Amino acid sequence: MSKLALYGGSAVKTTPFGTGRRFGQAELDYLAEALEQNSLFYWRGTMVKRFLARFAELYDMPYAVATSSGTASLHVAVGALDIAPGEEVITSPITDAGTYIGILYQQAIPVFADLDPHSYNMTAASIERVITPRTRAIMVVHLAGNPADMDPILELARKHNLLVIEDCAQSYEAFYHGRRAGTMGDIGCFSTNDFKHISTGDGGMVLMRDETLYHRALRFADKNYQRLPSAETLRNADRLAPNYRMTELQGAVGLAQLERLEGICARRSELGERLSAGIRDLPGIHVPHVQEGCRSSYWFYMLRLDPEVAGVDRQTFSDALKAEGIPNSPGYIPAVVYAANLFQNQTAFATGHLPFELAPSAVPRYAPGSCPEAEAILKSAVRLTINEFYTDSDIDDMIMAIRKVCDHFRRSPLSS
Ligand SMILES: Cc1ncc(COP(=O)(O)O)c(C=O)c1O
């Protein structure tokens with residue numbers, strides 16, 4: 001067994017990881033077409049409309065609305081579904097702030113459900129434990145490209161008459177037993193920020209089947225203006241709504257990016273599975289669990305380390321992997337979402353405790369330890385990058401490096 005690079009040996013990865021260009025001639029052509037229109041306003045031009053039509057077609061959904069971000073998409077979902085002040089929305093404690101921002105802006109209350117230790121997603125059982133008479137919706141986050149176990153969640157939602165919002169910001173083309181993440185609940189929300197599978201710089205989309213919901217979402221993303229032919233006037237708003245419009249420039253880039261989407265997701269899926277297959281047997285390593293018959297599109301790859309079994313603490317494992325030429329980071333977000341001051345002090349706005357004070361809870365809502373599995377995941381996770389430009393041999397180098405580090409510490413555990 002060769003010496004670890006951390007201790008002066010030679011690194012496993014000596015060649016650069018595969019890279020490539022995300023944008024090309026197709027994006028340039030559509031952008032030129034957008035500018036030729038002499039208007040960059042979505043309702044006048046064709047780019048956003050074509051982008052949405054193609055996305056809806058790909059997902060086999062009748063209705064799509066464009067937004068300015070993933071955060072905006074989720075806010076549109078909460079607004080369009082008429083979730084009321086003081087109502088509770090159950091969501092994940094490991095996610096981006098964009099998941100809960102729209103809930104709070106609508107004066108609804110995020111409630112966090114614990115996660116499965118290996119898929120890192122909420123489960124029907126963990127959701128059921130936090131349902132109260134005030135619960136109105138479940139906002140499922142399909143984390144890192146891996147679809148949550150939706151059938152039991154949908155059944156639970158039916159039983160309790162709850163709405164289901166899917167946060168698919170990280171999970172394009174993720175399949176749950178043949179169905180795409182984003183098509184199973186009442187509304188599916190996507191992000192096209194620059195870090196996602198496809199990028200329009202910033203942007204987002206919302207998918208739904210219900211026509212009334214579509215009309216509401218369209219208006220909620222556009223200051224509640226009534227742009228569809230209707231008896232109503234353009235500006236007779238009955239509710240407050242933000243301006244989350246997508247521009248024609250974003251629509252043009254999005255249209256081109258959609259041509260790449262399936263290839264990107266299929267490749268990421270292939271690479272993620274290759275990595276799991278290469279390290280699954282290692283004692284002390286837990287690979288992310290993707291259900292049989294489902295597909296993760298691996299927005300990132302997150303394994304868990306059991307230091308007792310692996311013989312190495314997480315920081316040393318991470319440092320050793322880095323020294324072998326494999327970039328990684330311990331954990332994902334620094335702490336569960338409810339650890340943030342905003343939740344601990346219940347201070348979403350400048351003064352007072354709205355919306356939390358609308359529905360005081362008998363048990364403290366955001367107490368440390370309230371989602372123990374989620375907290376444990378963040379303490380033991382190691383995050384690796386998966387990129388569609390990686391070659392098979394990049395993944396094989398990652399496997400070799402992880403195996404080398406694990407073999408070393410199995411033979412010479414740090415504690416001994
Ligand atoms: C799970 C999840 N939800 C929502 C968002 C928000 O998306 P955006 O950054 O486009 O507002 C993100 C972005 O990182 C995300 O990862």
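Helix 8 spans residues 248-279 and contains 32 residues. Its first and last C-alpha atoms lie 45 Å apart, close to the 46 Å expected at 1.5 Å a residue; the expected span is 1.5 Å times one less than the number of residues. A kink of about 45° is centred on R260. The bend at a residue is the angle between axes fitted to the seven residues ending there and the seven starting there. Helices (H or I, at least four residues) and strands (E, at least two) are DSSP runs, numbered from the N terminus.

The model is predicted: local features need pLDDT of at least 70, side-chain atom pairs count only at pLDDT 80 or more, and totals for chains, interfaces and linings use all residues. Residues are numbered from 1 along each chain as its sequence is written.

Four strands form an open sheet in the order 10-12-14-13, with antiparallel pairing. Strand 10 (285-286) and strand 13 (328-330) are the edge strands, each pairing on one side only. Pairing requires at least two DSSP bridges between two strands. Strand 10 is joined to strand 12 (residues 301-305) by two bridges. I285 has L305 as its bridge partner in strand 12.

L162 lies in the loop between helix 6 (150-160) and strand 5 (163-167). L162 is buried because 21 other C-beta atoms lie within 10 Å (buried, 20 or more; exposed, 12 or fewer; partly exposed in between; C-beta atoms placed from the backbone). Leaving aside neighbours within four places in sequence, L162 is in contact with T135, R136, A137, I138 and A157. Contact means C-beta atoms, placed from the backbone, within 7 Å.

Conventions: Contact = placed C-beta atoms within 7 Å.
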